[in-house]
Amino acid sequence: MHEPELAIGVDVGGTGIKAAIVDVKTGDLFGERIRVLTPMPSKPGVVVASAGRVVGRLVRAANSAAAAAGLPAPVIQAIGVGFPAPVINGVTKTAANVDPEWVGFDAQAAFTKAFKRRTWVVNDADAAGVAEMHFGAGHGKRGVVIVLTLGTGVGSGIFVDGRLVPNTELGHMEVSGRDAERRSSANARVRRGLSWKAWAEDLDEHLRAIDLLFSPSLIILGGGVSKKADRFVPFLKTPVPIVAAQLRNEAGIVGAAMVGLERETEMVREERDVAEHGRPLEPQPPALKVVPPVSTAEAG
Ligand code: BGC
């Protein structure tokens, strides 16, 4: 059995906060997944405090499971949080599906304080995309691959030969004169009481607009609704290979843990370089580092 490499992934959404300890080597959850409802109104203080309680519960559960099995407490190497907004240097830039107080808020500092350890914050769809490209439907796919998460809103992760272009917001494209996610999110179907077919037609319009702008070789549809892909994917006519995400609703948690561990590892290396050599030896990595494609198979 391999030695697990553990990090906590927290996926903060407009509706729920989900978290688990993840074995970043395999993408498997280590122990239980916890989900609580996002407090309403979703102001930063209460959301961060709620995520703090969830993380506390996860760690206690993992420690007691280990103690019961006569094992040492598991070592958690990092924590990452996926959040439904573009995130630049830990600051959340917009608040489409959360309270407006998140605009310009230093989320990374707030989560770090609540979790009592250094935490990394990333856009939720970027996190889900990273996991899906590594362990799911995007595995080994080159070219331009677009991962869309269909949930409370619509999030996007664009990958070019496996490298993420961070903080894209394709959910907010204007399609037929409206903010696209108002029609193509999973919530929009329920809110508007649409059949799967009627909703698929709206989603298809969004996908066609994306195809016109980006000519992707593959579109991966994620979010909880991807479990029911057979209900709507057959109605999509956009001439691009379109598949359902394989990690389903867990991608956000797994990706947040992966990004958290990647950033933490870079930061630890940089701190060590500074301590030993007075400066970082490697150039600053880009905002979200490369997730290398694992094989050279063409997408689609
Ligand atoms: C937000 C994105 C987010 C997506 C999915 C959108 O409304 O603007 O940043 O990724 O919802 O949560």
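User: How far apart are the C-alpha centres of domain 1 and domain 2, and what are the bounds of the two domains?

Analyst: In this predicted model, the C-alpha centres of domain 1 and domain 2 lie 24 Å apart. The domain assignment places domain 1 at residues 6-124 and domain 2 at residues 127-250.

User: How do you know that residues of domain 1 are in contact with residues of domain 2?

Analyst: The criterion is that two residues are in contact if their C-beta atoms, placed from the backbone, lie within 7 Å. By that criterion, 15 residues of domain 1 are in contact with 15 residues of domain 2. On the side of domain 1 that touches domain 2, β4 (76-83) and β8 (119-123) each supply at least two residues. That side of domain 1 has, by class, 6 nonpolar, 8 polar and 1 charged residues.

User: Which residues come nearest to the ligand, and from which domains is the shell around the ligand drawn?

Analyst: Of the 18 residues around the ligand, the nearest are Pro-84, Ala-96, Ala-125, Gly-153 and Gly-155. Domain 1 (6-124) and domain 2 (127-250) each contribute at least three residues to this shell, while α3 (124-135) and β10 (154-160) each supply at least two. Divided by class, the shell around the ligand has 6 nonpolar, 9 polar and 3 charged residues.

User: Why is α3 called roughly perpendicular to α8?

Analyst: The axes of α3 and helix α8 (residues 251-277) cross at roughly 90 degrees and come within 7 Å. Angles of 65 to 115 degrees count as roughly perpendicular, and therefore α3 is described as roughly perpendicular to α8. The residues of α3 that meet α8 include Asp-124, Ala-128, Glu-132 and Phe-135, and among those they meet in α8 are Ala-251, Val-254 and Met-258. The residues of this contact of α3 with α8 divide into 10 nonpolar, 4 polar and 2 charged.

User: What makes Pro-166 buried?

Analyst: Pro-166 has 20 other C-beta atoms within 10 Å. A residue is buried if 20 or more other C-beta atoms lie within 10 Å of its own, and therefore Pro-166, with its 20, is buried. Pro-166 lies in the loop between β11 (163-165) and β12 (174-175). From Thr-26, Pro-166 is 140 residues apart in sequence and, C-alpha to C-alpha, 23 Å apart in space.

User: Is Lys-116 buried or exposed, and what is its phi?

Analyst: Lys-116 has 10 C-beta neighbours inside 10 Å, so Lys-116 counts as exposed, the cut-off for that term being 12 or fewer. Its phi is near 55 degrees, a positive value in a residue other than glycine. Lys-116 is placed in the loop between α2 (107-115) and β8.

User: What makes Ser-215 exposed, and where is Ser-215 found?

Analyst: For Ser-215, 10 other C-beta atoms lie within 10 Å; a residue is exposed if the number is 12 or fewer, and therefore Ser-215 is exposed. Ser-215 is found in the loop between α6 (196-214) and β14 (218-222), and has a positive phi of about 40 degrees although Ser-215 is not a glycine.

User: Which two residues does a cis peptide bond join, and what is omega?

Analyst: The cis peptide bond joins Met-40 and Pro-41, with omega about -5 degrees. Pro-41 lies in the loop between β3 (28-37) and α1 (44-68).

Note on methods. Residues numbered from 1 in each chain as written. Predicted model: local features only at pLDDT ≥ 70, side-chain atom pairs only at ≥ 80, totals over all residues. Domains from an automatic or database assignment. Helix = DSSP H or I, 4+ residues; strand = E, 2+ residues; numbered from the N terminus. Nonpolar A, V, L, I, M, F, W, Y, C, P; charged D, E, K, R; others polar. Near = placed C-beta within 6 Å. Axes fitted to C-alpha atoms, helices over the stretch in contact; angles between N-to-C directions. Parallel < 35°, antiparallel > 145°, perpendicular 65-115°, else oblique.
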